[in-house]
Amino acid sequence: GGGGPAGGPPAAPPGSDTYKGWLFKWTNYLKGYQRRWFVLSNGLLSYYRTQAEMAHTCRGTINLSTAHIDTEDSCNIVLSNGGRTYHLKANSEVERQRWVTALELAKAKAIRMRNNQSDDSGDEEPASQSDKSELHGPLKTLSSKLEDLSTCNELIAKHGAALQRSLSELENLRLPADSGEKIKAVNERATLFRITSNAMINACRDFLDLAESHSRKWQRLLQHEREQRIRLEETIEQLAKQHNSLERACRGAPGLASGTASISSAAKGSVQSAKGEASDEDEETEYFDAMEDAPAFITVTADPKHHRRSGSNLSGASEGHPEDWNLEDSVFESSNQSSYNESTGKDLLPRKRRRSRIPDKPNYSLNLWSIMKNCIGKELSKIPMPVNFNEPLSMLQRLTEDLEYHELLDKAVKCESSTEQMCFVAAFSVSSYSTTVHRTAKPFNPLLGETYELDRLEELGFRSLCEQVSHHPPAAAHHVYSRRGWTLWQDITISSKFRGKYLSIMPLGAIHLEFHSSGNHYVWRKVTSTVHNIIVGKLWIDQSGEIEIVNHKSKDKCQLKFTPYSYFSRDVPRKVTGVVSDADGKAHYVMSGTWDEKMECSKIIHSSHGSTSTEGKQKTVYQTLSPKVLWRKYPLPENAENMYFFSELALTLNEPEERVAPTDSRLRPDQRLMESGRWDEANVEKQRLEEKQRAVRRRREAEAVEALEEGKDYEGYIPLWFERKVDALTGELICVYKGGYWEAKERQDWSVCPDIF
């Protein structure tokens, strides 16, 4: 219990902000009551196995503001809040009463705090709400303390009056003279004590009134500082725009074009001019950061009409012919002419009309930090999260979203050159991140055996199947077949770590893409996604790292670098750059753009070694033709900000469909309830599904132990539609599609599917 032999008295008296001590908590029928260290703070009761665990692992927390406190017998306490109930036992009745008093006081404070917060919420701006919180936070604390003091004063007055009555009764008794004098002295002291306590309460009330009178002055000062900060930010932004305009004007000046070239060094954030020989290069000169494992490079946009004259005088590592860059008939030229709403294949049927909106997201507020502060260093998949932080899609559906710009691969099929084809594959690999720029919500963790199909064979020419093949660590297998001439498959394991201020999501596993006619087989891996401002501020996502795409048939390579965002960088935010080279290392194309907007490629007609950078690396100068846009992001649907920032494809992913497998994500009840806006019911259903999955896992573990005792092999979970094989190219054990799903759908024979929902 909180005191006595269980571990000494509690760390603080019941009236303080924090109350700690040992209690016995009911765990299960096998272990019964177990000794746990409980901490009551800020209206939350948390428990730990040991006191040392307070630094890193919280075993559970219950919010007292909505909790019901009950006492079963002389030593027991029952706390219930929604679907969570704690059965606690103290060592003694006295200790139980101390905890009940502390819990009731903490519950009253939590309710007052919640009511005050609801009273303060109005039509003000978020910034003013934050300022108001900063101003009135101390005042609320003082008010709370004053109420505590008033309560104590009432108790003192009550007990003091009782004491005085008792002393008066003693005075009336026939006692020796010296005893009467002593009783009278004690009575006077009790009266003096009560007067002093009243004076202290009045002094505290005067102090609170004084603090409130100064609050308006503090508010004005803080508002002035906030306005000054906003004006300063606007001024800096305006200066940056003017500086950028001046740079462009300087580059475009005719007098400077022949004599000097303006070199923008993004790595150093400085601008310098360097003399150059007269040439027929275009005035617009762009420079790109180098990859870590590749030499630094600079690109210079050239005029193809003049390059025929000057090309013979240029010497370098590699050269190309401008006439290879066919402006009229190139696949590149038509790369941006199709859209999501158009059908480009004669063999495909007209598209089925699908939904274009979902119910608006409810405006529920919940503090992410209050849940995740005890989860630092843990795997994200092992943190129990309410649906409030989710979006109504599963991870399998998010994986299927990679196909939003599948037409890039349809165009890549038509490329005769493998390096040209590599450009489209590179653009496709970048396009899969475009949907994440505003999507800070977490997708649902799929249940083991959960599947998701996207059958667009008749409309778009492809059909896709995902299956959750492992739960810890979470892994999903994905297979896509397109009748337009390509097949894509991947086995992705999501590794995620919460670092306190940010959340890192690291997809592990290779993505394979094979073109049927040419046999070109491309392999690449995803970059790291980072969610920033977990503690305070607006959540935002960044992508960083490098992607190496390898064509294992022709040995062509593409190195793409995702530059992490930096407030002090002069680079365009979310910048992606790269170079496409052949098996001999000769560069053919420069890739440039941003992962949230578009990707361009520029054909290299000449390359040479430039000056050595301050880091000692030699820059390679690529002279290129004008860039071609390979991919541009589709605009978001109307009202997307209220629909989780879903794209047109994402809005259709959870649309109910007939004839799908009973394990399909569309049939997951908690996800469907969340999409409908019934979040409380969704949280209850989510807990039910997770507990059902835990029960299946425990049964499987028991079967494994039984098999081990009998000396038999236990295979564990076997995927339904995928099988584990060693990848011949990467040497990794991956899950590949073994067939049978679409045939089972045709027959509507789902007898092999487990009951997971």
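1. The charged end of Arg35 sits over the ring of Trp22, at 3.8 Å from its centre. The rule here is NZ of Lys or CZ of Arg within 6 Å of the ring centre and within 35 degrees of the ring normal.

2. Some ground rules: this is a predicted model, where local features need pLDDT of at least 70 and side-chain atom pairs count only at pLDDT 80 or more, while totals for chains, interfaces and linings use all residues. Residues are numbered from 1 along each chain as its sequence is written, and side-chain values use heavy atoms, with hydrogens and water left out.

3. On confidence, the protein has a mean pLDDT of 78, with 77% of its residues at 70 or more; pLDDT is the predictor's confidence in each residue, from 0 to 100. It stays under 50 over residues 255-295, for which the model has 88 contacts beyond four places in sequence. Residues 1-9 also stay under 50, with 27 such contacts. (A contact means heavy atoms within 4.5 Å.)

4. Aromatic pairs come to 17, counting rings of Phe, Tyr and Trp (its six-membered ring) with centres within 6.5 Å; planes under 30 degrees apart are stacked, over 60 edge-to-face, the rest tilted. Tyr741 and Trp742 have ring centres 5.0 Å apart and planes at 85°, so they are edge-to-face. Tyr741 and Trp750 make a tilted pair, 5.2 Å centre to centre with 45° between the planes. (Buried is under 20% relative accessible area, exposed over 50%, partly exposed in between, with a 1.4 Å probe and protein chains only.)

5. Helix α12 (residues 679-709) has 31 residues and reaches 45 Å from first C-alpha to last, close to the 45 Å expected at 1.5 Å a residue; that expected span is 1.5 Å times one less than the number of residues. Its buried residues, including Trp679 and Leu689, pack against β14 (442-444) and α11 (669-675). Helices (H or I, at least four residues) and strands (E, at least two) are DSSP runs, numbered from the N terminus.

6. No disulfides turn up in the whole structure, taking one as a pair of cysteine sulfur atoms within 2.5 Å. The sulfur of Cys558 is 7.1 Å from the closest cysteine sulfur, in Cys423, which is too far for a bond.
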